[in-house]
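I opened this entry to record what I looked up in the structure shown below.

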Amino acid sequence: MKVAVIGGGYAGLAAAVELAHAGIPVTVYESAKTLGGRARRVEYRGEILDNGQHLLLGAYRELLRLMRLVGAPDAALLCTPLKLHVPGQFRLAAPRLPAPLHLIVALLTAQGLTNGERLAAARFMLALKLRRFRLDKDISVTELLGLYGQTPSLRRFLWEPLVCAALNTPPEIASAQVFLNVLRDSFDRRRTDSDMLIPRVDASTLFPESAARFIENRGGALHRATPVRRIAVSNGGFAVSTANQTRHFNHVICAVPPQRIAALTADLAELADARAMLDKFTYQPIYSLYLRYPEHVALPSPLLGLSGGHAQWVFDLGQLGRGKGLLCVVISAAGAHEKLARDDLAQQVHQELQQAFGKLPPPLWVEIIAEKRATFACTPGLQRPPQVTPLPGLLLAGDYTAGDYPATLEGAVRSGIAAAQAILGTS
Ligand SMILES: Cc1cc2nc3c(=O)[nH]c(=O)nc-3n(C[C@H](O)[C@H](O)[C@H](O)COP(=O)(O)OP(=O)(O)OC[C@H]3O[C@@H](n4cnc5c(N)ncnc54)[C@H](O)[C@@H]3O)c2cc1C
């Protein structure tokens, strides 16, 4: 059996690893030189950055399983129990208790809320648990929070940062059902599911490069800097064409980003429904600001929340062994920051950091990486194409395909595994 995987992001590599593990050599085509797709290493002024700082959760079971399988670097992740801390404004920390008690106690002891707000948050979680985290009809997160009496402080410090981080979609248009899926998987099963896993290595080292070695060691091939131009049906299989050659495969897993599907599958009439669904997708940005301060600059912890300005989260990469004095500020989803000139945004974020942490020296440089189409907007009732298409042998994989998860590393990996399993089931 000959299988091609098009796209060397987390979804494509998960599919290829799963197939390689089952003894099927795979050919992976990746258009970029660096593996990882939307979670990849970027170099700037001699420093190793990412196109965006990523955060994993203990609930990312499939990604964590595949990382172990391919021998991803030991200690690649800093694991901290759930802690949300916005300096001077809000603090929530989960004690070592079984789930979901750990979250209920965390909510009831959170600082920066009134007693009534703590109870309202705990009641909200218990009510969701009683309904098994299922809604009869999908609505927006803002509507859901309104129905359950969540106050402005609860929204601002707790729910909205979680929605933006998990769904990368503003709460007013974010799917409440997908948010509940995330709450269910992160807070209602094992305590460790809500652990925050912060990479100590860049996003290409974290999984993609070990995955590539695993695939190659099992007879597979990886073609970097090799974009696929065309997929066509041929001789009961598929002809996959790059600039230099056309090769024949029995199965193809198309693991490119959603906005690339239309061009790549233009010759395949059977994918018309998938293309029609993707036509209705809209996208949301993620901005990552890397601020290079002198080496003595350090924050009180590796990850902190920020509120009231543009910045939402700040990672202290020095505490992750990735460059003392290097901070990464993340701004998820659409917002006023998109209208600012880069220098103004850099200046404002520097001011916001000073308001939260006291006087800082001016940064030596600031690099802003604006991923304008970081993820699809995860809106209520959004129809997402399934991995299995009407064209036998042609599978889709990617964070946008049908599933419980929003656009995340875990969603991407699960889709890749589902595509691989569809092939293994038919082999
Ligand atoms: C800035 C940013 C921050 C994020 N933060 C988080 C986070 O903290 N936690 C989290 O879980 N998720 C986060 N995400 C989401 C996560 O990165 C994505 O959901 C995931 O990486 C998507 O993987 P994928 O394999 O589905 O798609 P992609 O990563 O887009 O992979 C598709 C691959 O296909 C390749 N390709 C495209 N066209 C072709 C072609 N013609 N031929 C060959 N190859 C092709 C691309 O180069 C790419 O490598 C973030 C995303 C961004 C952008």
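What distance separates the centres of domain 2 and domain 3, taken over C-alpha atoms? I noted 24 Å between the two centres. The model is predicted, and I kept that in mind throughout.

**Entry 1: domains.** I looked up the division of the chain and found domain 1 (3-75 + 203-280 + 381-426), domain 2 (82-194) and domain 3 (283-376). I then examined where domain 2 touches domain 3: 13 residues of domain 2 are in contact with 15 residues of domain 3. On the domain 2 side, strand 7 (83-86) and helix 6 (152-167) are the elements that give two or more residues. Helix 6 supplies the largest share of that side, five residues. I also recorded the classes on the domain 2 side, which are eight nonpolar, four polar and one charged.

**Entry 2: helix 6 and helix 7.** I followed helix 6 to its packing with helix 7 (residues 176-187), where the axes come within 11 Å and cross at roughly 95 degrees. Angles of 65 to 115 degrees count as roughly perpendicular, and helix 6 and helix 7 are therefore roughly perpendicular to each other. In this contact, Val163, Ala166 and Leu167 of helix 6 meet Val178, Phe179 and Val182 of helix 7. I noted six nonpolar residues there, with no polar and no charged ones.

**Entry 3: the ligand.** Which residues come nearest to the ligand? Of the 37 residues around the ligand, I found that Gly7, Gly9, Gly37, Gly52 and Thr408 do. The elements that contribute two or more residues to this shell are helix 1 (10-21), helix 10 (258-264), strand 15 (283-292), strand 19 (365-376) and helix 13 (409-426). By class, I recorded 18 nonpolar, 13 polar and six charged residues in the shell. Domain 1 and domain 3 each provide at least three residues of the shell.

**Entry 4: helix 1 and helix 2.** I noted that the crossing of helix 1 and helix 2 is left-handed. Ala14, Val17 and His21 in helix 1 meet Leu66, Leu69 and Val70 in helix 2. I classed this contact as five nonpolar, one polar and no charged residues.

Note on methods: Residues are numbered from 1 along each chain as its sequence is written. This is a predicted model: local features need pLDDT of at least 70, side-chain atom pairs count only at pLDDT 80 or more; totals for chains, interfaces and linings use all residues. A residue is near a molecule or strand if its C-beta atom, placed from the backbone, lies within 6 Å of it. Helices (H or I, at least four residues) and strands (E, at least two) are DSSP runs, numbered from the N terminus. Ala, Val, Leu, Ile, Met, Phe, Trp, Tyr, Cys and Pro count as nonpolar, Asp, Glu, Lys and Arg as charged, and the others, Gly among them, as polar. Domain bounds come from an automatic or database domain assignment. A crossing is left-handed if the near helix is turned anticlockwise from the far one by less than a right angle, and right-handed if clockwise. Two residues are in contact if their C-beta atoms, placed from the backbone, lie within 7 Å. Axes are lines fitted to C-alpha atoms, for helices over the stretch in contact, and angles run from 0 to 180 degrees between N-to-C directions. Angles under 35 degrees count as roughly parallel, over 145 as roughly antiparallel, 65 to 115 as roughly perpendicular and the rest as oblique.
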